[in-house]
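Please keep the sequence and the model at hand while reading.

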Amino acid sequence: MIYLDYQATTPLAPEARDAMLRWLDGPDGTGFGNPHSPHRMGRQAAAAIELARDQVAALLPPGGKVHFTGNACEAINLAMRGSGGEGGTVALSAIEHAAVYETARLIGPWHELTVDDAGLCDPAQDFPPDTRMVCMMQVNNEIGAIQPTIEWHRRAKAAGALFLTDAVQSAGKMAVTGADFIAISAHKLHGPKGIGALWIRDGLTLDPQVTGGMQEGVRSGTLSPALCAGFGAAAKLAKERQPQDKAHIEQLWNRARELFSGWTINGGADARWHGNLNIRREGLDVNRLMSECRNVMFSAGSACASGSGKTSHVLKAIGLTDQQAKNSIRVGFGRYTTMEELEQGANAINAAAEAQGL
Ligand code: PLP
């Protein structure tokens, strides 16, 4: 099988797996302790969590603290809901992940910030004067657009609003820019599934959304030392390998553009994470393409939207018609993708598209 769906999730790094094993049982069977217990086993597990916290924090700006959560959706919900005490509007880009836009719609009122055909959200545009929070993802999961988050953070600050950035697709790949709240997820950076984090700027507080033992200060629940250790090891590796990973991805991108030269790219090519190629071909039957390329893992739109039958809100926001959006696929590659895999995958996709008479 050829895996070309790096925005949906990424392969677990062997280093992250190794770091986790110790805390599942450990060589002497003492790795399972509750990290919130004061005895020796508990303290050992707690120390592993604090090491992981520092490793994850090293991917993020100074001046805040990492709070582990179950995933990025939970982190985003905590930031958006937990800061809503005084009321006010939430302004969000038109291409945010469902974790942000569904939450904004539920908690209301909300205001959508428009994007151009590259998916970029112009920081000169207005938002309502009662805006309490601006949400702007750093890298979009469907088209890879890299937003001007530094300028948006400035705008939010000048307007007295909080700034949340969803850095799920950027953390570990590039410097995460400043914010009041930053949401990230381990499984997008070669860590395990089932753990994320919310970085909270020092001095800010949130109303907890999950109450109980308050182990993470703003969030309750016993932490998993294994998941934390895997997240930490993955973060450390991502930081160390960042230049190397980026260079590898640029090579794959250049080759992918050649291999898919018969397709139209969705979104821009420049302010874009180059591990993401979202492309379309007029008349393409994506379901048929996927069933004919069973050995190639790629996506129709975002992993969350694909299979739902709904047209991607991201592709619509950048100006595609419903039909063009339905003719689109997303090919994602990264650290462990080899050139041969990319070529074989692209050849299979092209052959199946040509068999449709395209
Ligand atoms: N934000 C973005 C941009 C994503 O790509 C995803 C996952 O698809 C999420 C948030 C949610 O992450 P998690 O799976 O950790 O809840």
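How much accessible surface does the protein chain have, and what percentage of that surface belongs to carbon and sulfur atoms? The accessible surface of the protein chain comes to about 14,900 Å², and carbon and sulfur atoms account for 52% of this area. These values are computed from a predicted model.

**The protein chain**

The protein chain contains ten helices and twelve strands. Its C-alpha trace spans about 65 × 55 × 35 Å along the principal axes. For 358 residues, a compact globule would have a radius of gyration near 21 Å; the protein chain has 21 Å and therefore agrees with that expectation. Of the 358 residues, 54% count as buried. Among the contacts in the protein chain with a separation of 6 or more, 70% are made by residues 24 or more positions apart.

**The ligand site**

Which residues surround the ligand? The shell consists of Asn71, Ala72, Cys73, His97, Met137, Asn141, Asp166, Val168, Gln169, Ser185, His187 and Lys188.

| Residue | Atom of the residue | Atom of the ligand | Distance |
|---|---|---|---|
| Ala72 | backbone N or O | oxygen | 2.8 Å |
| Asp166 | side-chain N or O | nitrogen | 2.6 Å |
| Lys188 | side-chain N or O | oxygen | 2.6 Å |

On its own, the ligand has 390 Å² of accessible area, of which the protein covers 90%.

**Met297**

Met297 is placed in strand β11, which comprises residues 296–297. Is Met297 buried, partly exposed or exposed? Met297 counts as partly exposed because its relative accessibility is 23%, whereas the buried class is limited to values under 20% and the exposed class to values over 50%.

Apart from its neighbours within four places in sequence, Met297 is in contact with Met1, Ile2, Tyr3, Leu4 and Asp5. A further pairing concerns Gly345: 48 residues separate Met297 and Gly345 in sequence, and their C-alpha atoms are 8.5 Å apart in space.

How values were computed:
Residues are numbered from 1 along each chain as its sequence is written. This is a predicted model: local features need pLDDT of at least 70, side-chain atom pairs count only at pLDDT 80 or more; totals for chains, interfaces and linings use all residues. Side-chain values use heavy atoms; hydrogens and water are left out. A residue is near a molecule or strand if one of its heavy atoms lies within 4 Å of it. A polar contact is a pair of N or O atoms within 3.5 Å; within protein, one must be able to donate a hydrogen and the other to accept it, and residues adjacent in sequence count only if both atoms are side-chain atoms. Accessible areas come from the Shrake-Rupley method with a 1.4 Å probe; for residues, only the protein chains shown count as cover. Helices (H or I, at least four residues) and strands (E, at least two) are DSSP runs, numbered from the N terminus. The radius of gyration is taken over C-alpha atoms; the globule rule is 2.2 Å times the number of residues to the power 0.38. Buried means under 20% relative accessible area, exposed over 50%, partly exposed in between (1.4 Å probe, protein chains only). Contact means heavy atoms within 4.5 Å.
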